[in-house]
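Have the viewer ready and follow along section by section.

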Amino acid sequence: TSVAANYRAACLAQSRAGFTAKLSIVLEEADESVFWLEFIIDENLVEKERVINLLDEANELVSIFYASRKTAKK
């Protein structure tokens, strides 16, 4: 949820620099989600099959936010 909330804040940024800064926070939060999903798998806290789709989606979001930030910086 912090990814979504921070993305919403980025969309309301009043400047390109503000958008880029807020998008960096979104990227950090999404990457943290990837970390925790990998941790869950590595520590066998949940069966990998139950988490792998979430991990794939989280990685896709990280890629999207990274590309968006890169574009916004141009």
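In which helix is Val 34 found? Val 34 is found in helix H2, where helices (H or I, at least four residues) and strands (E, at least two) are DSSP runs, numbered from the N terminus.

## About the model

This is a predicted model, in which local features need pLDDT of at least 70, side-chain atom pairs count only at pLDDT 80 or more, and totals for chains, interfaces and linings use all residues. Residues are numbered from 1 along each chain as its sequence is written, and side-chain values use heavy atoms, with hydrogens and water left out.

## The chain as a whole

The protein chain holds 3 helices and 0 strands, and from the N terminus on its elements run α-α-α. Along the principal axes, the C-alpha trace spans about 45 × 20 × 15 Å.

Of the 74 residues, 24% count as buried; buried means under 20% relative accessible area, exposed over 50%, and partly exposed in between (1.4 Å probe, protein chains only). The chain exposes about 5500 Å², with carbon and sulfur atoms supplying 53% of it; accessible areas come from the Shrake-Rupley method with a 1.4 Å probe, and for residues only the protein chains shown count as cover. Among contacts (heavy atoms within 4.5 Å) with a separation of 6 or more, 52% join residues 24 or more positions apart.

## Around Val 34

Back to Val 34: at 4% relative accessibility, this residue counts as buried. Leaving aside residues up to four places away in sequence, Val 34 touches Leu 55, Ala 58, Asn 59 and Val 62. Phe 65 is 31 residues from Val 34 along the chain, and their C-alpha atoms are separated by 13 Å.

## Charge on the surface

Which residues gather in a patch of negative charge on the surface? They are Glu 28, Asp 31, Glu 32, Glu 38, Asp 42 and Glu 43. For a charged patch, residues need over 30% relative accessible area and no salt bridge, and like charges are joined within 9 Å; a salt bridge is a side-chain nitrogen of Lys or Arg within 4 Å of a carboxyl oxygen of Asp or Glu. Glu 38 sits in helix H2 and is partly exposed, with a relative accessible area of 36%.

## A loop residue

Asn 44 lies in the loop between helix H2 (16-42) and helix H3 (48-73). Its phi is near 55 degrees, a positive value in a residue other than glycine. At 66% relative accessibility, Asn 44 counts as exposed.

Note on methods. Patches are made of residues with over 30% relative accessible area and no salt bridge: like charges are joined within 9 Å, nonpolar side chains (Val, Leu, Ile, Met, Phe, Trp, Tyr) within 5 Å. Lys and Arg count as positive and Asp and Glu as negative; His and the chain ends are not counted. The place of a charge is taken as NZ of Lys, CZ of Arg, CG of Asp or CD of Glu.
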